[in-house]
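Welcome, and please keep the model in view while you read.

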Amino acid sequence: MIPEINRITASIEQNGQHPELMVKYLYLLGRIKFLEGNHEEAQNAFGQCNMITMNNGMPDYYENFYWFARMKEVSGESKGDIIMYYNFALEKYNENPELISKAEILEAKNKL
């Protein structure tokens, strides 16, 4: 993920903060922060990503909702809240081979 975020950062520096680039950057930043255990910063990055998609009429990044569910799971929040975010991820799902599959979302949800 680090090489990809560096590539996107270089592209942002060259081409400006286009919504598509910012969405990819914030998504990857959220993933990195989640893996580091910094859930507050991860949540902030995913939230900003969602705002950009909403404000620019772009499709939702369904995987953001998957990561919100994972953060809620790790922090011990209610099962209902966790399931709600997994359901959002499934509802907004679109086929993208680079992102988490529908089967992976269903598996995580069914483990609760």
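## Salt bridges

This is a predicted model, and 7 salt bridges turn up in it. As a reminder, side chains of opposite charge can pair when their charged atoms come close.

How accessible are the two partners, E4 and R7? E4 has a relative accessible area of 32%, which makes it partly exposed, and R7 is partly exposed too, at 46%.

Now look at K33, which takes part in two of the bridges described here. With E36, its closest N and O atoms are 3.4 Å apart. Both residues belong to helix α2 (residues 19–36), where a spacing of 3 residues separates them by about one helical turn. K33 also forms a salt bridge with E41, and for this pair the closest N and O atoms are again 3.4 Å apart.

The partners differ in their surroundings. K33 counts as buried, because its relative accessibility of 17% is under the 20% cut-off. E36 is exposed at 55%, while E41 is partly exposed at 39%. Through the partners they share, the salt bridges join K33, E36 and E41 into one network.

## Aromatic pairs

Across the whole structure, a search finds 11 aromatic pairs. One of them is formed by Y27 and Y61, whose rings are 5.1 Å apart centre to centre, with 65 degrees between the planes, an edge-to-face arrangement. Which parts of the chain does this pair link? Y27 lies in helix α2, and Y61 in the loop between α3 (39–55) and α4 (62–74), so the pair links distant parts of the chain, 34 residues apart. Both Y27 and Y61 are buried.

Y85 and F88 make another edge-to-face pair, with 5.7 Å between the ring centres and 90 degrees between the planes. These two are within helix α5 (residues 79–91), 3 residues apart and separated by about one helical turn. F88 is partly exposed, with a relative accessibility of 28%. If you zoom out, Y27, F46, Y61, F65, F68, Y85 and F88 form one aromatic cluster.

Helix α3 is 17 residues in length, and the distance from its first C-alpha to its last is 24 Å, close to the 24 Å expected at 1.5 Å a residue. Its buried residues are A42, A45, F46, C49, N50, I52 and T53. They cover an arc of only 160 degrees around the axis, which means that they lie on the same side of α3.

What covers that buried side? Helices α2 and α4 are included in the cover over the buried residues of α3. F46, one of those buried residues, is also a member of the aromatic cluster. On the face turned away from the buried side, α3 carries the exposed residues E40, M54 and N55. Just after the helix, G57 adopts a positive phi of about 65 degrees.

Notes. Residues numbered from 1 in each chain as written. Predicted model: local features only at pLDDT ≥ 70, side-chain atom pairs only at ≥ 80, totals over all residues. Heavy atoms only, no water. Salt bridge = Lys/Arg side-chain N within 4 Å of Asp/Glu carboxyl O. Buried < 20%, exposed > 50% of the residue type's maximum accessible area, 1.4 Å probe, protein only. Helix = DSSP H or I, 4+ residues; strand = E, 2+ residues; numbered from the N terminus. Phe/Tyr/Trp six-rings, centres within 6.5 Å; stacked < 30°, edge-to-face > 60°. Expected span 1.5 Å × (residues − 1). Arc of directions from axis to C-beta. Contact = heavy atoms within 4.5 Å.
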